[in-house]
Amino acid sequence: MSNDTIVLGIETSCDETAVAIVKNGKEIISNVVASQIESHKRFGGVVPEIASRHHVEQMTVVLEEALEQSRLSWDDIDAIAVTEGPGLVGALLVGVNTAKALAFAKQKPLVGVHHIAGHIYANRLEQEFKFPLLALIVSGGHTELVLMREHGSYEVIGETRDDAAGEAYDKVARMLKLPYPGGPHIDRLAQNGEESIDFPRAWLEDGSYDFSFSGLKSAVINKIHNAKQRGETLKDEDIAASFQASVIDVLTGKTLLAAEEYQVKQVIVAGGVAANKGLRKALVDKFAKTNIPLYVPPLKLCTDNAAMIAAAGTINYQQGKRSGSDLNANPSLVLQ
Amino acid sequence: MNVLAIDASNQVMGVAILKNNEVIGEYVTNIAKNHSVRLMPAIEQLMKEVSLTPDGLDKIVVAKGPGSYTGVRIGLSTAKTMAWALDIPVVGVSSLEVLAHQGRLFEGYICPFFDARRGLVYSGVYQYKNENLELVYEEKNIAMDAVLDLLAKGNKKVLFLSPDLSLHKEKIMDVLGNLAIIPEGPYHIAKPSLLGMAGLNRDADDTHGLTPNYLRLAEAEAKWLKAQKENN
Ligand SMILES: [Zn+2]
């Protein structure tokens, strides 16, 4: 018996069927992701029923690939971790039931993992955590600031009151007739545009770390409509740059304020939107002027994957947390 | 040879264990309660009762639908993963066929169905011939009216088996009159032991390739295909 903790993780909360094996919560042994993005493109967004159908078709294939790549045997694996929520319920159910079947068949402990905890722990695959730690999570479904005082403890100090940043990106992208998923296209256009339009920044009340992006989204839509009616032409690049500047200003501003107030030793960025070049650069620039270290994970760990679930699950497992065979998918699971 | 049969495809949830062709355990509920929460504990409990550990299993048989999309996926995810992890064969059996097996002693047509809303059903027509259950009309997502028209033309006695019988009983009697045979309650509850029997000697499916028998496209896909057609 080695002292290593090896956890197999399963993630199916949205449109990626993913399985990974991680050692000690820090080292990826194998990491397989079957993306469905091509299949959802024609619908202009993820269709839950179709996502669930793909998961059930892909699940054992991805499992097998992850196990084969790891060159490990079942004896080496200490626990099975799975995303129990939040996410699309039908999609989550495939992963949860797969994990339960696996845990039973191989008589391994089962641990449920919060998807956002996974996104946070993606960073630990690159860099050991120092507490207190502040995590900014930005993805299609989430915009949150989470304070961690120790492993496995999460305090949500700010969250979106309406749209997630990623949703706002997708909606603006649709207005600009950009293909799905729109986020990366806006980021690309923004690199060549000018911040010539003054869009609002939703700072909300003093001291609040919450976010709101629906006002910004409406402002962009109105601006495009009004310009059209007046026969003016706005450059898409400029709209993208100005929109992105507003999002980034608020995200980076609030993150810095929170980091200072809670005197954190580390700031990490997580979630799909963390792949956004403009956001990464703005954060790096902002924190370069402080003495708070900032870490942004490599692109492949920003998007949904199972290595992050195995990494977060490792902590749950080491802390003695276990899920029973009655574990259910919970689409609105709260991070705590 | 130990066989585990799993049916989570409809409201009736069932697990059975067969040992050398004999049913040694069966668990059935007919309640609208979460299969995702209850299926694995039911399997665990039944296995414990019959003193079987997972590595003592030799085959898994699963009801692959039609039925509730989510329920079907819960059953298939569980069955496929167990089969893959234990490296044993898995067999998918139509959920309609499982019901049809309850008409074992009936000589006419057997019509199992599940309600699929808006006048539609998932249904097929079966018949026992030379000790074997054979499919007479293929399984479809179809209007109940169309099924009944077809059966009326056959002019044969028809045994109806369905947990959703009450929704369509009146119409069945209207169209088929005394050609329709409708047994009492328990016949309409799919028995997982019959599922196990059905899959017992059947060739294994490809574990990765086994997919649900939805009988219906996802709504978004159906709409998309329709739009494509209209554009061409
Ligand atoms: Zn995510």
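1. In chain B, strand 2 and strand 3 form a hairpin with two residues between them, and Asn20(B) in the turn has a positive phi of about 45°; strands here are DSSP runs (E, at least two residues), as helices are (H or I, at least four), numbered from the N terminus. The model is predicted, so that local features need pLDDT of at least 70 and side-chain atom pairs count only at pLDDT 80 or more, while totals for chains, interfaces and linings use all residues. Residues are numbered from 1 along each chain as its sequence is written, chains are lettered from A and ligands numbered from 1 in the order in which they are written, and side-chain values use heavy atoms, with hydrogens and water left out.

2. Strand 2 and strand 3 (residues 22–30) of chain B run antiparallel and are joined by eight bridges, where pairing requires that DSSP finds at least two bridges between the strands. Within this pairing, Val15(B) stands opposite Tyr27(B) of strand 3.

3. Strand 2 of chain B also runs antiparallel to strand 1 (residues 2–7) of chain B, to which six bridges join it, and a hairpin of four residues connects strand 1 with strand 2. Here Ala5(B) has Ala16(B) in strand 2 as its bridge partner. Strand 2 (residues 12–19) is mostly covered, with seven of its eight residues buried, that is, under 20% relative accessible area, against over 50% for exposed and partly exposed in between (1.4 Å probe, protein chains only).

4. Between the chains, helix 3 (residues 89–105) of chain A packs on helix 2 (residues 69–86) of chain B at an angle of about 35°, with axes 8 Å apart; the axes are lines fitted to C-alpha atoms over the stretch in contact, and angles run from 0 to 180 degrees between N-to-C directions. The contact (heavy atoms within 4.5 Å) includes Leu93(A), Asn97(A) and Phe104(A) from helix 3 of chain A, and Arg73(B), Met82(B) and Trp84(B) from helix 2 of chain B.

5. The zinc ion is coordinated by His115(A) (NE2), His119(A) (NE2) and Asp304(A) (OD) at 2.0 to 2.1 Å; donors are N, O and S atoms within 2.8 Å of the metal (3.2 Å for Na, K and Ca), and because water is not among the atoms, sites may look incomplete. His115(A) lies in helix 4 (residues 115–121) of chain A and Asp304(A) in the loop between helix 10 (299–302) and helix 11 (307–318), so the pair ties together parts that are 189 residues apart in sequence. His115(A) counts as buried at 4% relative accessibility, and Asp304(A) counts as buried at 17%.
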